[in-house]
Amino acid sequence: MTPQEVLEFARSHKCEMFDIKFMDLPGIWQHCTYPISELSEDTFVNGRGFDGSSIRGWRAIHASDMLIIPDPSTAIMDPFCKYPTLSLIGDVYDPITREGYNRDPRNIARKAEAYLKSTGIADTCYFGPEAEFFIFDDVRYQSSWGSSFYSVDSVEAAWNTGRDEKPNLGYKPRFKEGYFPVPPVDSQVDIRAEMVMVMQSCGIEIEAQHHEVATAGQAEIDMRFAPLVQMADKLMLFKYVIRNVAKRNNKTVTFMPKPIFGDNGSGMHCHQSLWKDGKPLFAGDGYGGLSQMALHYIGGILKHARSLAAIVAPTTNSYKRLVPGFEAPVNLAYSSRNRSAAIRIPTYSSSPKAKRIEVRFPDPSCNGYLAFAAMMLAGLDGVQNKIDPGASLDKDIYGLSPEELAEVPALPGSLEEALNELEGDHDYLLKGDVFTQDLIDTWISYKRERELDEMRKRPHPYEFTLYYDI
């Protein structure tokens, strides 16, 4: 939509408010709401001012004034507001230079798309993330001076088969047996369908929804692929819809990668492919039906995977999921069908348009704008430098001998290790000024100071089990 079309859209829907959403550095949507009388064509030129020093990972207080300018192409009706509200996604600018703010994640994603076109390699990078999540009935947590605990619960949880539920009807997915059971074992088909219906009303195309492997309400809803910035926008709207539909059903959702012990965590497998002039570039006669360009793209991602991890698996909790020896894709290899490899080549369709790669180690705690941009830049580095991905790994990784497994590189084992890797390997992110050194330094220092250090200082509840009587 153009600004004029947005104004007409707002009038036709009798909007009383308009809302501008944007993202902080860690990856959470922020917003500000205004009376509809404040919306004019000028809003799409000069934007609205706000205090950037109050946003995580952003400006210092002595340089805090920022502008947010809404993107008219993102206009929808907010499906959850009591009063008719126009929802827009905004881009953040410096009010003096009028340049896009280098710590605005959406600005980084827009620069990534511009850089892709400037290379002449392709004009579009499509992404299709599969963001898994848990739908819980109750969550409680606390970390204070003398206590620390968390508790998540679900009527579906396998650990509740003996609970007095007046009555307990059973039908709870066993650990690691939550993939595709029909109701009544899958008790959440209707709430997922409600999520799908709301998403579709907001313009998100949905391909499927289903229960995922874990007990206690693990779910997946699959969006149709879209170009990088559009997909990152949709991922944020996807999370917004899921959380709010859950809340109005008196349930709660988390995108934490590993919220429960002893069962599968939540990943965000990212399908991606390059196109130019409306034609797919990843189809060919190489391994798995891939082109040489696609194989080089894989080579770039595998080369930079250990530093990419700090952006696409960016929490301490991410590495509770990415544990060697289990089902998580920690092995830096590629395969046409092996889901234990870091990169898989889907074989569901022989159509050139469907040919893509699936990067399996990201998780839904990431900032989609940064994660998609970083993966594309890593892949492009592989294309530009013709990086050989090596031989595919089609064996059962879990059946490899220790000697064979030692030859397969692996992802970092912790967020700290991943940040160290990013510190030493990030030149590929600086190409085209997509990421800046300031942003990378800020990301690393924020994660170390606000997350790693805070985790280090606190006793873990399980340490009492291990050591209280030592």
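Predicted model: local features only at pLDDT ≥ 70, side-chain atom pairs only at ≥ 80, totals over all residues.

User: Okay, strand S5 then: how many of its residues are buried?

Analyst: Strand S5 covers residues 85-93, and nine of its nine residues are buried, so by the under 20% cut-off the strand is mostly covered.

User: And which residues sit on each side?

Analyst: Thr85, Ser87, Ile89, Asp91 and Tyr93 lie on one side, while Leu86, Leu88, Gly90 and Val92 lie on the other, and both faces are covered. As a general point, side chains in a regular strand alternate between the two faces of the sheet.

User: Which strands are joined to S5, and do they run parallel or antiparallel?

Analyst: Strand S1, residues 17-23, is joined to S5 by five bridges and the two run parallel, whereas strand S4, residues 65-77, is joined to S5 by seven bridges and runs antiparallel to it.

User: What does Asp91 pair with?

Analyst: Asp91 forms a salt bridge with Arg110, and their closest N and O atoms are 3.3 Å apart. Because Asp91 lies in strand S5 and Arg110 in helix H3, residues 105-119, the pair ties together parts that are 19 residues apart in sequence.

User: Are those two buried or partly exposed?

Analyst: Asp91 counts as buried at 6% relative accessibility, while Arg110, with a relative accessible area of 28%, is partly exposed.

User: What about Lys251 and Asp137, where are they in the chain?

Analyst: Their side chains meet in a salt bridge with an N to O distance of 2.4 Å. The pair links distant parts of the chain, 114 residues apart, with Lys251 in the loop between helix H5 and strand S12 and Asp137 in the loop between strands S6 and S7. Lys251 is partly exposed at 22% relative accessibility, and Asp137 is partly exposed at 30%.

User: And which residue does Lys431 pair with?

Analyst: Lys431 forms a salt bridge with Asp381, the closest N and O atoms being 2.7 Å apart. This pair spans 50 residues, from Asp381 in helix H8 to Lys431 in the loop between helices H11 and H12. Lys431 is partly exposed, with a relative accessible area of 26%, but Asp381 counts as buried at 7%.

User: Back to Asp91, which residues are joined with it in a network?

Analyst: Salt bridges that share partners join Asp91 with Asp71, Arg106, Arg110 and Asp233 into one network.

User: Last topic: at what angle do H5 and H8 pack?

Analyst: H5 and H8 pack at about 150 degrees, with their axes 9 Å apart. Angles over 145 degrees count as roughly antiparallel, and therefore the two helices are described that way. H5 passes H8 in a right-handed crossing.

User: Which residues meet there?

Analyst: From H5 the residues are Leu228, Val229, Met231, Ala232, Asp233, Leu235 and Met236, which meet Gly368, Tyr369, Phe372, Ala373 and Met376 in H8.

Technical notes:
Residues numbered from 1 in each chain as written. Heavy atoms only, no water. Buried < 20%, exposed > 50% of the residue type's maximum accessible area, 1.4 Å probe, protein only. Helix = DSSP H or I, 4+ residues; strand = E, 2+ residues; numbered from the N terminus. Pairing = 2+ DSSP bridges. Salt bridge = Lys/Arg side-chain N within 4 Å of Asp/Glu carboxyl O. Axes fitted to C-alpha atoms, helices over the stretch in contact; angles between N-to-C directions. Parallel < 35°, antiparallel > 145°, perpendicular 65-115°, else oblique. Left-handed = near helix turned anticlockwise from the far one by under 90°. Contact = heavy atoms within 4.5 Å.
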